[in-house]
Structure formats: structure tokens, C-alpha cells
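I opened a new notebook page for this one.

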Amino acid sequence: MDGSDESKAALQTSWRYWTHFMFKCIVHSPKPEIDQFRGFAQYLNRQYPLPPIFIADVFLKPIYGNITLTPQFPIYVKALCQLGLVDVSSVLVALCKYSSLNAYIRHPSRTGEDAEDHVQSPNNLEQRRIWRVSSWFEEFFFYQLIRTLVDGSAFRDIRSTLVLVKIVCKWMALFTAASAAVATDILAEVQQARERDGLPRGQEDLETSRAAFLPFLTRLVETPALVDALRHPIARDVRRELLETLTRFRHTLPPDTNFGERLDMFRCETLARLDPLPKNRQADAMDEFLEPVMRLENFAIPDIPIPNSRAGLYVYLNAALVGRPLIDDAMLISFLHNRYQGETQSSAIDLIVASFDILANTVFRSEGPKDAHLLRSFLINKLPLLLCQLFASQFSTASSEYCITEALNQVDTSVFPTASLMFDETRSNNPYTESVREDFCTACALHGLVRREHVERILGETSMSYEPSLEKYSKDKLVQSCLSDPDRIQGLVRDIDKMDGNVGAICQALVELMRQLCDSKETMSLKLLCSQLAHKPQSLDILLLFERLPAVLEPLCQLLDNWRYDDDQGEYQPIYEEFGGILLLVLAYAYRYNLRAADIGIVSSDSCVAKILDRAHISRPLDELTEQEKTHVNGWIHGLFGSETGGLGDDLMSSCPPQDFYLVVASLFQYIVSAYTHGYLNVESLKSGIEYVVDTFLLPSLVPAIRFLADYLWVDQKEQKSVIKILQLILLPSSISGEASAMLSSVKNLIAKPLEYSLRSYQKQDPKNQDIEPLLRALRDNLPLSRRTGGAEHHELDSWSNSSSSGLSGAIRHTVQGLVQMHHGVNVMPTSYTHRQTIAACRIVGTRRVLRAMLDEIRHQPEAYDVVTMLVCAPDVTIESPASGLLEAAGSAASQRRLTLREALKAESESCLKPNKKEEAETVVRLHRRVEAMLALPAAATMLEAPDIPSLDLSGGPGALVTGGMAAVAQGAGGGMMMEAVGLDMALGSASSDLGLGGVGGGGLEAANEGEMFCRTLDPQLEIYWGDGMNTSGG
């Protein structure tokens, strides 16, 4: 092509005929036999020749039905290869461009070097259509293309061979990027959506395609013609790109593949010989050449003994319980096994001591009202269950009794007094620590870890509270008793506060009860249960010691999402009350732990619960509301404040389901604020309207409403006083029923923290305002129960920042020094510590800087190895999602989250192996290896068999695999068909590869609409009627 207008026109015409030919192959039934296809293709090529890269693009790009390729087309493309109309490079370019693997690298935002590694294409991936399932025909083509390598047809000349190498590099980069995306679960929502549609998960897609690509790649690099082409002087840049891309790709392969070994041989021997280095640089070059992981594994450092410190498990448990409880039985048991190398007795003793230490630490830090209930329940109700699992493989009562006795001997009696010391009038007992020894032994006896007759011997004196007649609860019996007598549910909720070892069965029974009530749609009983749990925020913490959050909330969310009015619905106010009571528990979990909809297991964009959690507190302008929403808001305003309407009637609530009401509640309150500010509502009307809102059937809606009002207070405007007035009427009602008062207390627990921040901010603007202090007093009792997120308080940040001249980094070093001083022994006081400090430091000064401070401390005192190891291993509640990668939305949160200490340590260990950093490498590599050994996962079979891990059915119904796209093509329906920009990025330098044809809308190839293409005769000799034959003589 010479780039002239005539050439462009000829190319455009040829492309249209080939596209028409391709459409005929799709829509006609029966499809043409292979001999017919060959004849048509040869005739078309003689009349309308088209470069191979465009022919491959025509047959391999998705047009309308983008589920997967038409089954006959791989055979057709194979025939085109045999005819020489397409070649290896053109097929690989089209396959790479439209591969479904591109879907797994769309979302993560990359910068810097990561962006260079990211597979780019001439068209924006968000706009370019790609196949949804392509692995099966990619597998077919890779195996077919191996034949072209064997017969040599893929290597026409040096240039074509180097072009092929660059395209193969594109494929390796695609596999590398897709592997990283799938491995880190940053596209969980994409994979969930594919599962719902009945499509393969990304891991299956990736493995299927890559399994066929590996033989093709291996055969390619072992072909002498390729090596000869790479020796050419013009191939220097290609060699460098091949080396870099192959190195990254090799890192994603399983270590025990034969193909991997052969690729390593080509990389380390063949490519190394093509670019030899001077002898004085070969050693350093080999270090740079080897993958970081390989260099880490082979880096020799002297072994030094690192004893397990008392502070180790103390730090780990502190982190696991500082916010939302992160106790996973199987993972914790595996962690203990890795840490103590199977020494069950040592791990049991240290686990018991650490559990007492974290409770003592809470008392020392005066955080008892906020944390002690959870930590006591962990020690008494959860720890015996963990010990049962720890001793399971070699259980003997004598062994467990020895460990418990030995551990209690190390517990400080001044903090956890014996029964006789509790009657000593000279000492001041603490309600959070007294009787803990006895309660713990009672729970251990209940679960068979201690013989009942040996309890007093272990305690060293007569027990004042031990009840030998205490029976072990059964989850199934508790569930059946509550189903037969719903009045027992309230008592079961109260029993969550018990400290006798039976709370685990109670919690599991409550979760199973909620699931069964959801299945049977017993919404009245379910509303009572959810309302009682929401009223006790600390009970939510206890539940998560024994059940995972998705298991608790998934049935509730499904019920709320599918909530519908009955056809013969009589009253609507009870429906609002039941919906709100169930929703209140979901809101309680989301607000207490600062969770988004995706965090609690909701991935559907149509979920009403997701919309309520994410958007209900945000007011929208009138022009953003739908007509139906405008009608709802208008109806509620007239129902609440209109004297003519006579209050809230069934007509209003029947036309506005509770799901819709919660989505407009913020807008409704904004209009109330504006109306009161501008005099459209007087005080009496406002009071009468708010009285409806503080009734039980609307009270849960005050959670998003008050959050909206709290946000509204931050804006300096004249409507702030109106907001204060409305808050007074809500938080300090003049008259309210007992049930409504209890529910209002539940609402205040949820919004106390954000509302207090807003009120205090407004108080600084208007210090003389006397209306704010009563509101703050109304929230005082709710503040300790409001949030448990792992975030630090303002006074804590001030204290840590001012404790050292180097700020938070210095505070971290001081903390490490203090933790190192904790030793094993009798009556050892635990060092004051909260993992909120580590989380805050990583957030504010950066994870890498915090890690460097810890590494500096190790260099100053090697005794800090174990403490720093546990700080790095400790879970971070602000990063770890309850859905654990399975349900995370679109990868946006995962791709933007900050580094964990473990990730930062891995990066530091790889970078320190550079020649100029060898002196500091020993400390970093030793720490990295110890951390990875601690966190090594157990075998998959072991995890599947582990007890107390509830099965979580995340499978959705398979969607239809066939859409109406093909039918639309067959009928000629739809809009104009535009060929996408034909710039097929071959990565051949900076030269444009679009052949000067432009792109969409830019004067390039633009096909006519389908109707025109299918109805008009393109050429008398090309009017195809399958079955009647076709004149291929050209005459």
C-alpha cells in the first residue's frame, strides 16, 4: 500500500467485502462446508485482496454476540492459514487484542513502572469489545500454530520472525498482568459476575489458555530459525524486550513445570550468550538477571536462634481483636503450628498467657468499658474451643491440664486475683478481671480439657463459683427450642453475655436461627431477634468470634433484597416495622465496623441493601430524583406535615415500599431542613412530623437521616440551626414509648461517633450556643459502643506524635523497645500496647517508613526479631475485608489500598539484594523468611477439613450463555457498524501501525449499517446463496 487515496479506498472496499463474507458465515444456516469456504475465500482474495492482519481481525473480533467465537470460525481461520491468507503473527495479534483475559486487567489503576508492565492496546480497554469466553479457541489456535513452527512457515524472513517475537511478548505480558490480577483478587466482582452468567472464572480461563501457550512458546524459543534471527544486529532491542518479558512471565508459572525449566535454559543460556558481558560485570549482571524470588531463596545468611517471645502472641491477638474480630480458627491453628514447629504444649501455654495479657492490658489502659467484654469472652468462651482444636491430634487430659496449670502460674495474681484475694479489703478489685481464673477453668472443664474434680487443684484453692453441674449446650437443641417457643429467643440473646464456655454454641444457634427464619419468612420473629441484637453492639463482636460476617448477614440481605408486598396486603405499617427491624441489624454491623456493601458480601448493583448502605445518607437534588422518587418525597412531606391528609396512611406506604423510602430519606430531611429554615414549617408542625419519625416503624430510617444531618452540619450556612432543632426533637423527644426508646438507643449507638464530631465542630464555630451540650450529653453513654474499626482516637494520635522527637516513627521504635522487655516468668506485667498505633503510623507516615523504623530497631537490638516479626504478621482490620477477596467490588478498593507491612517487607527484601545494599540485606532477608514461614498456609485438604469453618455457598444461578446479539445480526437490526481503529499495536517502535487509515469517526474504515450490508448486492458474482454453489472461476 502506498498510502494514496486510491489505495485507502481499495482497502476499505476490500474490508467491506470480507466483513460481508464473515457475516454471511455467521447468519446463514447451514454454515458453509470447509471446501466451500476455501473456494469463497480464494475467490474473494483474488477480487478484493486484504492484508493478513485485517483478515484475521475480521474473523476474530467480537461484533454483536461477544460471548464466544462461533464454533466453525476456528476451522475457518485454520483454513485461511493453510491458504496463506493469514499468518501466525496476524492470528496472534487478533487473539491478544480480543482475549477475555483483558477483562482481568481493566480495572486496576497503575502508575510508574507498573503502568509500563501493564498490557496496553491502541483502543481503550473500557471501550473496546472483547470476548467473554475465549480460552477454548485460544487453546485451539496455540496448538494449531505449533505446526507452523515445525514446518518453518512462521519464519519467512528476519523481519517477520522479529515481529512474531514482539507479538509473543505481548501475550506473555497479558498472561503476567492477568495472573497478578487473579492472584490478588482485585477483580473479584468481575469474576463473580462471570460466575453468575455461567462463565468460567478468571483462574480457569487463564490456566486453560496458558497451558496451551506454554508448548507454543517453548517450541518457538527452541527453534533454530528464531535463534538465528535474534543474533542479527537489528534484534538487540527485541532481545532485551524478550528477556524482560520472559523473566516476568516465568515468575507467574508453577515452579515444577517441565516447560518452565526449558524456558529458564533458553533465558539463562541462549539469551545470555547472545549478549555477552565483560567478565568483571558478569557476576553482578547474573544477580540482576535472576528473578528477585530466586535471589532471595539462594541468598545465604547465617542461622541465628530467634526464641519466641512472650510479646509475640500478645501483639498478634491484640491486632486480631482491636477492631472487628479477625479470629479464623484454621488460620490461627496453622499460624501456631508454624510458630512453634508442632510443639503443642508450648503453643497452648503461650496462647493462654497472651489471652490473659491482652485483657490485663485493656484494664491498664482504662479501656475496660469498650474492650473488656469482648476480651473476657474470647478468653473464657473462645479460647477453650481453640485449645480443643490445638490438642485434637494428640489429646490427653493430663497434657491439657498441665498446660493450663503452667499458664495460670504465669498470670499475675495482682491483676487476676484468686478467690481468696477477692475478699482482701486492702486491695481494690477490678470488675473486668475478678473471677476470670475460675471462669476460664470452668469453661475448660465444660469442654473436657480439665477433669471437673481437678478444677480446685489447678486453681490452688476452693472455687467460690464453680458449678460441677453445668451442662454443655448443643446448637441444634437450642435452635429447635427457639423454633418451637419463640419467646426463648430473647433469653438466648441475653445469654451471649455469659462467661461459662457455652457462648459459642449460643452464637452458632442464633446465626442458624436467623437463617431458618429467613428461609421460612417468619419476619415477625426475625425482626425481634435482629432488634435485640442491634440493641447490644458488643454482642455483635461476640458473634464474630464464632461465625463469619457473610454467614451472619447474607440471609438477611437476601431477604431484604427480595422483600415484596403480598397481593392481599392489609396493613402496611407492620411491614415497615419488620423491614426496619431486620435492616437495623445490617446497619449496625456496617456502621460499627465501617463496612461497605461489598465488604459484607453484597455484589449485585441492584441490591436494595447495597444502595441503602452506600447511598441512603446522601441527599440528591430534585433534578437527580426520578419521577417516582419525587412522588414519594412529596407524599411523605404531606403525610408528615400536611394537616389535610390526616397523617401517614396505608395509601402512602402501599405506593412507597420501605426499600424506596430509605433511598429518599436523606433528600426528605434536606427538604424538611430547608422548609423549616425558610418558614414553610412552623415549630408545631415540625414537632408533629418528627413524632411520626421516632415511632418504631420509621426509627431505623433515622440512621441514614442523622448521618445526613451530621454531614450537613459541617457546611457553614444558615440552615445549621434548623439542623440542631431537628436533632433536638429526635434525640430528646418529649414523649416516647418504651419499645421506641430502646430502638432510639440502638440508632444512637450507630451514629454517636460521627454526630459527636459534627456537633463539636459546630460548637467551635458557635461556642455560645447552649443547644449543643444537651445533645452531646444525650450521646455520652452511646459513644463507647458506637464504633469498633481499629482507628485511633484524636487524643491517642496527639500522645504518640508528641512522645518522640521523630513523631510516630519514633513512637513505633519506643513501642518495639517496650515489647522486647516482656519476658516469660511469674507475675510479668504486659507492656502497654494497642495495634491502633501501628495502623495509624502506617496510614500517616507510610508503611515503608514504619518498616524501616522496625528494621533499625532490630539492628540496634537483635532481640527485637520476634517482636517485629509478629508486628509484620499481625492482621490489619482496616485492610482485610470480611468477604476476603471473594466479594470485593471491582477491585477499586484493593488496587488503591495501602501496602501491608508484609508486602512492604517483601519489596524491601528484593530491593536490598542489589549490589549497593548487600550490607543491610542480611537483616531484611532473615526477617522476610521468618515472616513467610509464620504465615505459610496449610495444605488445602487440611483447610477443607478444618472444623468450625462454615461452608459459604457463593454460587449464583448460571445465566444464559446465548444472548440476542446473533439474532440481531441475523435480522439486520441495530445501529451502524463501525470497524474499530485498525491500529494493531505491534510494538514495532514508535511508527504508527494503522496504515494511515484512521480510526472510528476519523475518516477510516466505516462500514454501512447491517441492513444496507445484507440487502444490497455487493457484486453479482459475490451474491452468496449457500447451497446453490458459487462461480469461483473468476469469469
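Helices here are DSSP runs of H or I with at least four residues, and they are numbered from the N terminus. This is a predicted model, where local features need pLDDT of at least 70 and side-chain atom pairs count only at pLDDT 80 or more, while totals for chains, interfaces and linings use all residues. Residues are numbered from 1 along each chain as its sequence is written, and side-chain values use heavy atoms, with hydrogens and water left out.

**Entry 1: one residue.** I looked up Leu 776 and found it in helix α38 (residues 772-779). Is Leu 776 buried or exposed? Its relative accessibility is 5%, so Leu 776 counts as buried (buried means under 20% relative accessible area, exposed over 50%, partly exposed in between, with a 1.4 Å probe and protein chains only). Leaving out residues up to four places away in sequence, I noted that Leu 776 touches Glu 756, Leu 759, Arg 760 and Gln 763 (contact means heavy atoms within 4.5 Å). I also checked Leu 731, which is 45 residues from Leu 776 along the chain; their C-alpha atoms are separated by 9.9 Å.

**Entry 2: α1 and α2.** Next I took helix α1 (residues 5-27) and helix α2 (residues 34-47), which pack at about 170 degrees with their axes 11 Å apart. Axes are lines fitted to C-alpha atoms, for helices over the stretch in contact, and angles run from 0 to 180 degrees between N-to-C directions. That angle makes α1 roughly antiparallel to α2 (the word is for angles over 145 degrees). From α1, the contact uses Tyr 17, Trp 18, Phe 21 and Cys 25; from α2 come Phe 37, Phe 40, Ala 41, Leu 44 and Asn 45. I sorted this contact by class and got eight nonpolar, one polar and no charged residues (Ala, Val, Leu, Ile, Met, Phe, Trp, Tyr, Cys and Pro count as nonpolar, Asp, Glu, Lys and Arg as charged, and the others, Gly among them, as polar).

**Entry 3: α16 and α17.** Helix α16 (residues 310-321) packs on helix α17 (residues 329-340) at about 160 degrees, axes 13 Å apart. So α16 is roughly antiparallel to α17. Gly 312, Leu 313 and Tyr 316 of α16 meet Leu 332, Phe 335, Leu 336, Arg 339 and Tyr 340 of α17.

**Entry 4: α25.** In α25, 13 of the 18 residues are buried, so I wrote it down as mostly covered. Just after α25, Lys 521 takes a positive phi of about 60 degrees.

Note on methods. Helices (H or I, at least four residues) and strands (E, at least two) are DSSP runs, numbered from the N terminus. Angles under 35 degrees count as roughly parallel, over 145 as roughly antiparallel, 65 to 115 as roughly perpendicular and the rest as oblique.
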